[in-house]
Every structure is written in C-alpha cells, then in structure tokens.
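These notebook entries record what I looked up in one structure. The sequence and the model come first, and my entries follow.

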Amino acid sequence: MDNKSVNVSYEELERQRQYCDAVSQILQSKYHNGKPKAFVHTYGCQGNVSDGERMKGMLESMGYAFTERVEEADLVLYNTCAVREHAEDRIYGNAGALKPLKKQKPDMIIALCGCMMQQPRVEKRIRESFSFIDIVFGTHVIYKLPEILFKALSKGKRVFMTEESEGNIAEGLPVHRDSSFKAWLPIMYGCNNFCSYCIVPYVRGRERSRDFDAVVEEARQLVKAGYKEITLLGQNVNSYNRTLSEEYRFPALLRTINAIEGDFIIRFMTSHPKDCTEELLKAMSECDKVAKHLHLPFQSGNNRVLKAMNRGYTKEKYISLIEKAYELMPELSVTSDVIVGFPGETYEEFLDTLDVMKRVEYTSLFTFIFSLRPGTAAEKLPDPISREEKGIWFKELTDLQQEIAARRTSQMQGRQYRVLVEEKSKTEGVLCGRTEGNIIIEFPGDETDIGNFVTVEVTEALTWILRGKKI
Ligand code: SAM
Ligand code: SF4
Ligand code: F3S
C-alpha cells in the first residue's frame, strides 16, 4: 500500500479538527472554574505509549489539563494492552475499581481504548458487564478521539467505536510528550508476521509504514526542539517500507536521521531477526548517533519451537547475525525477549534457549512465560507442561541471565561512558541515566544535568545497574 492509501485524508482530519472545536466549546460551557482534568494511563509497549502521547495532544487541544490523581479527573482514559492474559486481568481490575468513583461523580467520563478493546470478546464483556464505562474505542480510530468525545458529551450515551481500517496513519496530530528530552517516533504501525502466540497482528492490523520524509521531518523538529534521544518505533522496524527501494528502507532512514545536525542519539525497536540484514548492522555501526544497542528478540533457541512459533529464522541464522553484529560493533549491547513454555516445548528444547543466552551474553532480557491468547494459532496446540513446571524452567532461565548480566556489567568497571541523565534517583543527591547500551547508571550529581549528556566513570557494577562518578 502506498502512503496515499494508508494516510487518513485531509478532509477526515479537518472533520476531526471541527469536532475538536465543538468539544472545546462544550467543555468551556460546562467547566467555568478552570480546565477539566484528564487522567490518562497507558499500559503495554512503547508504541502504545506513543499513541497515548498523541491522544494527550488531542485532549490538550480540546481544553483538558492533566492530573495524576484519578479521583480528581473529569475524564479517565485507559489505553490498554492485550499481549498477555495478566495484562488484561490488570485492566479489568483497574477499570472495575472505578465503579464506586463513577457513582460519586456521575459526570466523570470513563474511556477504555487500545489493543485490548480491539477484540470482540472484550468489547462484548465491557458492554454487558461494565455498564459504567462510557467509551470504548480501538487502535484504528485513535485520531477520531474528538468525534468520540463529542458524541459522549453531547448525547450522553455510551460510545463504542472499534471498527478496523487499513488506512489509518494520521499525520500531523498534536503530541503531548511525557519527556522534554526523550521522544518516541513511530515509523510504522501494525504487524504482518503472525507469530503463532501473538495477538498484536489481530489488534493492530496489517503493517503500514509512515512516509519517509514525514518521519525525517519529525526527527528534525525534535532535534530542533532540544530532544536528545529519539527512539524509532515499530513491531518490525526492519521491514519498514519493505515494498519500496533500498533508498527508502530502514537502514537508509537511520542514515538520513543520523545526518541531522545536533547532539542526540537514535535508538530503535523492535528489530525482527527474520528481516535483520547485514546492511542494517553496517548502517548501525557507521552511524555515530545510533546507540550501539540492539534489541533482537529470539523468543526460543530451538528450531522446532521457532518453527511452531512461525518466527521465520533458525537458531543458526540468529547466532550468525549476532556474530556479525559483534564483529562490526565489539562494544554492542544486545537485549532480547524470550518466551518460556511455548505449547509443546520440552525441557530439552528449553535448554537450547539457555544455550543461545550463553552464546550471546545479553546485557538484559525481557522474559515471559507463555500466555494463551484467544484467537491465535497457538491456542489450538496441546500444552501438556504445567504452569508450575514452566515456573521452574523460568527460574532457571532468570538465574542464568542474572549470572550473565553480572559478568557483563563487571566488565564495565573503571570505564567511562556517555550517559543521558534522565531523572533523580530515590537517593537524595543521586542522578540516574542510561548508557548507550541502555544500562542504568546512578551517580552523585545535581538536577541541572537532567536532560543532558555527561561522562560517567563506573565505580561499582551491580547486576542490573551501575554506579559511578561524573567526570
Ligand atoms: N514485535 C516484537 C518482536 O517480534 O520481537 C515483539 C512485540 S511483543 C509486543 C513483545 C514481546 O511479548 C514478544 O517479543 C514476546 O516475547 C512477548 N509475547 C508476545 N505474545 C506473548 C504471549 N502470548 N505469551 C508470552 N509472551 C508473549
Ligand atoms: Fe507479535 Fe511476532 Fe508481530 Fe512481534 S513480529 S508483534 S511477536 S506477531
Ligand atoms: Fe500490548 Fe498492543 Fe503493544 S498488545 S504490547 S500495547 S501493540
């Protein structure tokens, strides 16, 4: 699909701008003593966080201010995630907990949106059992938030909008960014991979890429506005503009953003091993602003399991990519996602996962026990291993990763790293930042450094974090 057919039309965006003005007027006549307050909470991945920032941008244009306290909110918006059962249970729990508040404040609007709402079974449950929820909308209509709110505010009826659409990239929406120096920059939406365990392709629709020039222009504006870290986002950034020629694909995008003048670093996620090419690794190694950190999820180290997961690569291909990456970037920090207890996985197959971990030496790992997602292909697979047994394997895996991480961080002792300072740590007078390799480092310092790069020497290496002193 070309960009013209994936982008929301100018006319539709204009229609939403008119709804935005209409909501503004309703709010002004309803709230005389200052702005109404919105409590927005996003669950799930960075892509969802980025959507949340766009929704906050729209809410701000409609006249909302933000609050961190749900009790004082006039609008509560939960942007939900469906990736694992636990994520959904938490959202049902948190949404349910709003019922007494809604009783006390009947005018308060409660809205649920995002991936979880894009599933018909969830929409049905909310319709039938959560009558105090006013608004439900899915991932395909985020840009219609003004229209949705207008309907809820003017008609006083519940609004459900979960239709799907393949053409829904809305360029030019306002963004309310949570940080003034770290920015999320989505480059593509959706996913075509249908890994057999994963709900994302069902709730996010088919893969579609943003226009190359629009992404580069947004990056340029971010740098101009003083942003120091830009993270390019997509479920599989390696297939960005995959139907177009090399000059518009991901490595070219990295090189083009790298050429923007300014002092900033570029990160990206997620890279899929199936589409990770040597050209990408070369671009990474040659671009001085691209952080030498590769998040390359492997999920399993066993070829039969990888096939059953529909991942599209083998353990050997994965290892050879990592070897190439280390050859080009000896300082590279590699992180990954891994699933324990995929249906039918045996203990011997699980040992192959541990083998990959030993060979790659990840600086950190996101570890998950398989969670059955209704509607995915893995739902139909026999799953004879008990949850308890999977828990034992999981512990073996996390213990191993702890050993590996401790060894990796201890190698950093005494060395100096450029660090983007992010926030104050819990300890008075101590700051917290991240190295290029995305490892947390704490050091004594003063708040004025927050949002800047500083050089820090590592004086103590703990397993997951470093301690140091500013040079
Ligand atoms: N697109 C990314 C990729 O392919 O690497 C992953 C995105 S997914 C939102 C993040 C991680 O959640 C996956 O890498 C996987 O490890 C984990 N995950 C997804 N579905 C899962 C499931 N049903 N059970 C357990 N973990 C799951
Ligand atoms: Fe899910 Fe696979 Fe797509 Fe990642 S690539 S979002 S794991 S289907
Ligand atoms: Fe969750 Fe949706 Fe992201 S399911 S992990 S919020 S794409």
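Basis of the entries. I worked on a predicted model, in which local features need pLDDT of at least 70 and side-chain atom pairs count only at pLDDT 80 or more, while totals for chains, interfaces and linings use all residues. Residues are numbered from 1 along each chain as its sequence is written, chains are lettered from A and ligands numbered from 1 in the order in which they are written, and side-chain values use heavy atoms, with hydrogens and water left out.

Ligand 1. I noted two further polar contacts: a polar side-chain atom of Arg 84 lies 3.2 Å from an oxygen atom of the ligand, and a side-chain N or O atom of Arg 311 is 3.0 Å from an oxygen atom of ligand 1. The protein covers 92% of the 560 Å² of accessible area that ligand 1 has on its own (Shrake-Rupley method, 1.4 Å probe; for residues, only the protein chains shown count as cover). Its shell (residues with a heavy atom within 4 Å) divides into 7 nonpolar, 5 polar and 4 charged residues. I counted Ala, Val, Leu, Ile, Met, Phe, Trp, Tyr, Cys and Pro as nonpolar, Asp, Glu, Lys and Arg as charged, and the others, Gly among them, as polar. Strands β13 (333–340) and β14 (364–369) each supply at least two residues of this shell; helices (H or I, at least four residues) and strands (E, at least two) are DSSP runs, numbered from the N terminus.

Ligands 2 and 3. Around ligand 2 I listed residues including Cys 191, Cys 195, Cys 198, Gln 235 and Arg 311. Around ligand 3 I found, among others, Cys 45, Cys 81, Cys 115 and Gln 235. The shell of ligand 3 has 5 nonpolar, 2 polar and 1 charged residues.

Core. The largest nonpolar core has 56 residues, and Leu 232, Phe 250, Leu 253, Ile 257 and Phe 268 have the most contacts inside it. Such a core is a set of buried Ala, Val, Leu, Ile, Met, Phe, Trp, Tyr and Cys residues joined through side-chain atoms within 4.5 Å. Helix α9 (residues 212–224) gives the largest share, 6 residues. A second, separate core of 32 residues includes Val 23 and Phe 137.

Helix α10. Why is helix α10 (residues 250–258) largely enclosed by the rest of the structure? I found that 7 of its 9 residues are buried (under 20% relative accessible area; exposed is over 50%, partly exposed in between; 1.4 Å probe, protein chains only). The elements covering the buried residues of α10 include α9, β10 (229–233), β11 (265–269) and α11 (278–286), where contact means heavy atoms within 4.5 Å.

Backbone. Most residues other than glycine have a negative phi, and most peptide bonds are trans. The peptide bond from Met 269 to Thr 270 is cis, with omega near 5°. Asn 310 has a positive phi of about 60° and is partly exposed, at 40% relative accessible area.

Technical notes
Polar contact = N/O pair within 3.5 Å; in protein donor to acceptor, adjacent residues only side chain to side chain.
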